[in-house]
Amino acid sequence: MLKMLTFFQGLPGQQPVSGAPDFPRSPQKLPSTSEAESEASMSEASSEDLVPPLEAEVALDRDEEEAGKKKKKSKGLATMFSVFTKGRKKKGQSSSAETEGESECSPRPPGQLPTVEELKVDLERGRLEAAGPLLALELELQEAAAAGRASEEELVRRQSKVEALYALLRDQVLGPLRRPLEAAPERLRQALAVLAEQERQDREAAAAGPPGCPGLAATRPRGWLQLWRDGVAQAAAERLGGRPAADAEGRTEAERAFLHMGRTMKEDLEAVVERLKPLFPADFHVVAAYAESYHAHFAAQLAALTQFELCPRDTYMLLVWVQNLYPNDILNSPKLAPELQGVRLGTLLPPTQIRLLEAAFLSNEVASVRELTARALELESNRWTQDVAPQRLDARCHSELAIDIIQIISQGHAKAESITLDLGTQIKPLLLVELATFLRSYQRAFDEFLERCRQLRNYRANVIANINNCLSFRTSVEQKWQTPPDLRSSLLSPLNELKSRGFDTLLQSLFGGLKPLFKRFTQTRWATPQQTLEEIISVVAERMPEFSELQDCFREELLEAVHLHLVKEYIARLCKRRLVLKTAEQQQQLAGHVQANAQLIQQFCTQNGSPATWLHHALPTLAEIIRLQDPSAIKIEVATYATWYPDFSKGHLSAILAIKGNLSSSDAKSIRSILDINTGAHEPSKALFSLIKVG
């Protein structure tokens with residue numbers, strides 16, 4: 001990066017030139033009124049006074065007569081400053097100060113213009129009102145050449161004097177414009193008035209066509225306005241090309257360089273708008289001149305950086321400046337936006353280059369997300385296998401993995417949106433694909449942990465922590481990221497599988513302990529069903545605190561799984577075909593036991609938070625089928641039952657009807673046929689009877 005910044009410093013246009021406008025590092029205080037008046041007291045000439053009448057011919061002729069007594073020499077414009085050394089006194093003679101004093105003490109007759117030597121002294125003293133007589137000398141010289149009143153050699157000599165004076169005037173005019181904020185306002189106005197007049201003379205000369213004065217070299221257009229613009233460009237290069245100070249915020253050299261350029265450009269252009277625009281002529285377009293120069297240098301720096309192989313961080317930094325910070329925070333800032341509406345600056349980089357950088361950014365960011373998520377999963381899975389207890393947050397087992405992954409995905413999306421909203425839209429599906437890939441890897445790592453680490457002390461706590469992770473992932477997928485249905489399914493499927501495997505692990509020992517108790521129903525031929533069920537409920541109640549560290553929603557889901565298991569196992573016992581009751585009284589007695597047991601199961605599960613209301617009809621309706629003796633009434637109950645539980649098959653119905661020992665085979669067949677009619681389910685069904693095997 002240091003090599004790149006060194007390359008920036010060597011870009012064309014870095015060396016300062018005379019007359020280049022400059023800005024102070026911090027806003028300069030405007031001169032006080034007294035200072036401005038003191039500066040202005042040197043000259044009160046208005047723009048109308050800058051072009052005097054052509055009586056300057058008198059002064060020019062007087063000067064020519066004195067010069068004609070000396071040996072004539074013609075050395076051209078290359079020796080134009082030599083005219084100022086003629087006639088100087090040798091040692092022992094009066095000093096120049098005395099000569100000037102005598103000149104000042106001798107009042108000039110009305111209408112008589114200063115001599116060349118006097119104009120030279122005035123210009124060296126910074127008196128810009130000398131621009132008027134100097135222009136008069138130039139116009140008189142053109143008239144003399146056009147009228148043929150002087151020889152070619154004399155015209156060259158006289159023109160060299162005029163050009164030497166113009167060289168002095170140019171430096172005096174462009175000098176204040178080099179550091180406009182440091183010049184007194186009145187001084188700046190004088191310089192601008194002279195510059196405006198010279199630009200007008202250039203336009204008139206250009207409109208008049210090729211010069212028609214034989215013996216005179218073409219000196220217009222002088223192009224002082226362009227010199228000023230060149231100076232503005234050099235000021236931009238000097239201001240933006242300075243090496244930024246080091247900071248303690250961990251920025252790279254390139255980031256500091258661009259921050260320096262952006263801040264400097266904004267502050268400088270705001271100073272131009274507030275302090276220079278009111279002083280400059282409107283046709284100078286001072287704000288546009290500075291904005292175009294600063295923009296050109298900024299763009300050159302970016303173009304130079306793109307010639308190197310960029311790291312991901314610098315690629316992002318370039319795009320942020322090109323697509324966001326520069327157009328929004330600088331050009332469209334409240335103070336600059338109204339002033340730059342008509343200025344066509346364009347983008348800092350060509351559109352094709354921007355597209356290439358955006359493609360590189362997308363690739364870099366996706367690779368970064370993939371690497372970061374894989375690293376986060378590796379660290380988390382290592383904690384599981386090392387038997388590190390999970391954190392507790394609000395009395396819940398907590399893992400930072402979901403937070404870390406969501407933050408990685410969200411930051412990648414936010415980075416793209418910080419460039420442009422469109423780029424954020426482009427990267428979103430790419431990041432969600434990476435998230436889906438991560439979730440599948442997460443599920444596989446969790447499955448491996450479940451199989452290999454059963455003996456660890458914190459095994460169950462880490463299982464609960466991972467189940468709780470699913471909540472944050474699921475919320476982000478369903479609410480925050482607004483994923484399309486197909487992609488949402490690929491994201492939620494690994495989470496549902498992980499949660500289901502986690503539930504199975506947590507409930508495995510509980511369900512294993514309940515199995516011999518459920519067998520007691522058939523072993524005792526349903527002699528004491530109430531006592532058996534109460535014992536089952538007691539065992540489940542003792543284990544409930546083990547699930548308290550689940551998030552509430554998952555604890556409810558787990559209680560629904562417990563509820564389902566109790567109902568399913570109870571029905572499975574009824575379907576064993578080991579109980580045949582031949583009398584209506586026996587059937588009614590069993591139906592009463594089933595009804596009471598159903599109420600006990602429902603009450604216990606509901607009190608503990610089970611939301612499985614869909615199971616409420618399962619046992620009571622079977623009890624009613626067992627109690628009823630009229631085949632037609634039984635058909636109605638079976639038809640209704642099939643609407644609640646579409647997986648209730650003829651095999652399950654036959655197993656229940658087998659309990660009714662007084663039911664003829666023809667009636668049983670007629671009742672089973674009711675399931676051939678598609679009655680339609682009341683709501684999307686969940687599995688119940690499909691989990692129960694019948695012989």
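**Salt bridges and their setting**

Author: In this predicted model, Glu 186 and Arg 189 are joined through their side chains by a salt bridge, with an N to O distance of 3.7 Å. Both residues belong to helix α8 (residues 185–208), and because they are 3 residues apart there, about one helical turn separates them. Glu 186 has a relative accessibility of 27%, so it counts as partly exposed. Arg 189 is likewise partly exposed, at 41% relative accessible area. The general principle is that side chains of opposite charge can pair when their charged atoms come close.

Glu 624 forms a salt bridge with Arg 627, and the closest N and O atoms are 2.4 Å apart. The two residues lie in helix α21 (residues 618–627), 3 residues apart, which is about one turn of the helix. Glu 624 is partly exposed, with 25% relative accessibility, and Arg 627 is also partly exposed, with a relative accessible area of 35%.

A further salt bridge links the side chains of Asp 171 and Arg 170, at 3.6 Å from N to O. Asp 171 has a relative accessibility of 42% and counts as partly exposed. For Arg 170 the relative accessible area is 31%, again partly exposed.

Salt bridges also join into a network, whose linked residues are Glu 138, Glu 163, Asp 202, Arg 220 and Arg 222. The count of salt bridges comes to 37.

The nonpolar residues provide the setting. The largest nonpolar core has 188 residues, and those touching the most other members are Leu 169, Trp 228, Leu 435, Phe 473, Leu 566, Ile 571 and Leu 688. Helix α17 (residues 485–523) gives the most to this core, contributing 14 residues. Ile 571 illustrates the contacts: leaving aside residues up to four places away in sequence, it touches Ala 618, Leu 619, Leu 622, Tyr 641, Leu 688, Phe 689 and Ile 692. Two of these names connect with what was said above, for Ala 618 and Leu 619 are touched by Ile 571, while helix α21, which holds Glu 624 and Arg 627, spans residues 618–627.

For the chain as a whole, the secondary structure comes to 24 helices and 2 strands. Buried residues make up 47% of its 695 residues. Among contacts with a separation of 6 or more, 80% are between residues 24 or more positions apart. The accessible surface is about 34400 Å², and carbon and sulfur atoms account for 51% of that area.

Confidence should be read alongside these details. The mean pLDDT of the chain is 83, and 82% of the residues reach 70 or more. Over residues 1–106, however, the pLDDT is below 50, although this stretch has 172 contacts in the model beyond near neighbours in sequence.

Notes
Residues numbered from 1 in each chain as written. Heavy atoms only, no water. Core = buried A, V, L, I, M, F, W, Y, C linked by side-chain atoms within 4.5 Å. Buried < 20%, exposed > 50% of the residue type's maximum accessible area, 1.4 Å probe, protein only. Helix = DSSP H or I, 4+ residues; strand = E, 2+ residues; numbered from the N terminus. Contact = heavy atoms within 4.5 Å. Areas by Shrake-Rupley, 256 points an atom, 1.4 Å probe, with all protein chains shown as cover. pLDDT = per-residue confidence, 0-100. Salt bridge = Lys/Arg side-chain N within 4 Å of Asp/Glu carboxyl O.
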